[in-house]
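Welcome to a short tour of this protein. Keep the sequence and the model side by side as you read, and hop between topics as you like.

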Amino acid sequence: MKKNKLLIGTAIACVALAVLIWFAFSQQSSSALTSSSENGQETGQKMAENQSEFARQNILNLSPSEKERLSQQQIVFNEIEKDQLPSNVNFPLIKNAEGMVIRYDPNVIELKKVGDTVKFQMLEYGINRTGKIVEIEPVDQDIVRWIGKFDQGDPNQNFFTITQSQKDHYTIMQIFTEKGNYSAEIKDGVGLVQTMDEGVTDQELHHDHP
């Protein structure tokens, strides 16, 4: 009889120990999941904060209505005639080289986020493309690069980059299509689109250009 009671007592103790171990493990797992979830939320918030930093200093003074208008604008630049250039333009490339003269508002791209749609109308070269921003990356504290893919054609052959310095009011674009590759060099809101062999690359964007 005593032996049976001892066995029963031992069994009860084992069950109680198992319950305690299970309870402790479940609490630890719950804490780990909560911690992981909080860390994930913090990481997501940091990524969102970092991306919002790309909307930079020169758009802070825009009115809400102006921000809304520019954020809705999809056409990246507009072709103009040379005689439409402002008289104070100090950009010899535009006056001396061949290509498509354009007017450009840098805040249009500054307000674009990943997933936003942009349009390139380069009718002089037979290009009229729609694409989406797929990546935004800081090059340094001033220069930011927007990378996009065109909706038409092989995305490995049809893509674009826009590399922009706010400090120098200077932008270089590279536009790749199966019809040809093009670059745009823009200073103070006006610029020139040329075929790639005539133009510049975004590797040339630095702080001692004209």
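Let's begin with a ring cluster: Phe77, Phe120, Phe150 and Phe160 form one aromatic cluster. Please keep in mind that this is a predicted model.

**The aromatic cluster**

- The protein has six aromatic pairs in total.
- One of them is Phe120 with Phe150, an edge-to-face pair with 5.6 Å from centre to centre and 80° between the planes. This pair links distant parts of the chain, since Phe120 sits in strand E3 and Phe150 in strand E5, 30 residues apart.
- Are Phe120 and Phe150 buried or exposed? Both Phe120 and Phe150 are buried.
- Phe150 also pairs with Phe160: the ring centres are 5.1 Å apart and the planes stand at 50°, so this pair is tilted. Here too, distant parts of the chain are linked, with Phe150 in strand E5 and Phe160 in strand E6, ten residues apart.
- Phe150 has 4% relative accessibility and therefore counts as buried, the cut-off being under 20%. Phe160 is buried as well, with a relative accessible area of 0%.

**The nonpolar cores**

- Which members of the largest nonpolar core touch the most other members? Among its 23 residues, they are Phe77, Phe120, Met122, Ile162 and Met173.
- Leaving aside residues up to four places away in sequence, Met122 touches Phe77, Met100, Ile127, Ile175, Tyr182 and Val193.
- As background, nonpolar side chains in soluble globular proteins tend to be buried together.

**The overall layout**

- The protein holds four helices and nine strands. Along the sequence they follow the pattern α-α-β-α-β-α-β-β-β-β-β-β-β.
- Of the 210 residues in the protein, 36% are buried.
- Taking contacts between residues at least 6 apart in sequence, 49% join residues at least 24 apart.
- The protein exposes about 12,800 Å², and carbon and sulfur atoms supply 54% of that area.

**Strands E3 and E4**

- E3 and E4 pair in the antiparallel sense, over six bridges. Thr117, for instance, has Lys132 in E4 as its bridge partner.
- The hairpin of E3 and E4 has four residues between the strands, and Gly126 in this hairpin takes a positive phi near 75°.

**Asn158, a polar residue to look up**

- Where is Asn158 found? Its place is the loop between E5 and E6.
- Asn158 is buried, with a relative accessible area of 0%.
- The Asn158 side chain reaches the backbone oxygen of Asp154 at 2.9 Å. The Asn158 side chain also makes a polar contact with the side chain of Glu178, at 3.3 Å.
- Not counting residues up to four places away in sequence, Asn158 touches Arg129, Lys149, Phe150, Gln152, Gly153, Phe176, Thr177 and Glu178. Phe150 brings us back to the aromatic cluster, where it is a member.

**Glu79 in strand E1**

- Glu79 belongs to strand E1, residues 77-79. With a relative accessible area of 38%, Glu79 is partly exposed.
- Glu79 touches Met100, Val101, Ile102 and Glu124, with residues up to four places away in sequence not counted.

**Two residues with a positive phi**

- Most residues other than glycine have a negative phi.
- His169 is not a glycine, yet it has a positive phi of about 55°. His169 lies in the loop between E6 and E7, and is exposed, with a relative accessible area of 52%.
- Asp188, also not a glycine, has a positive phi of about 55°. Asp188 lies in the loop between E8 and strand E9 (190-195), and is exposed, with a relative accessible area of 52%.

Technical notes: Residues are numbered from 1 along each chain as its sequence is written. This is a predicted model: local features need pLDDT of at least 70, side-chain atom pairs count only at pLDDT 80 or more; totals for chains, interfaces and linings use all residues. Side-chain values use heavy atoms; hydrogens and water are left out. A nonpolar core is a set of buried Ala, Val, Leu, Ile, Met, Phe, Trp, Tyr and Cys residues joined through side-chain atoms within 4.5 Å. Buried means under 20% relative accessible area, exposed over 50%, partly exposed in between (1.4 Å probe, protein chains only). Contact means heavy atoms within 4.5 Å. Rings of Phe, Tyr and Trp (its six-membered ring) pair if their centres lie within 6.5 Å; planes under 30 degrees apart count as stacked, over 60 as edge-to-face and the rest as tilted. Two strands pair if DSSP finds at least two bridges between them. A polar contact is a pair of N or O atoms within 3.5 Å; within protein, one must be able to donate a hydrogen and the other to accept it, and residues adjacent in sequence count only if both atoms are side-chain atoms. Accessible areas come from the Shrake-Rupley method with a 1.4 Å probe; for residues, only the protein chains shown count as cover.
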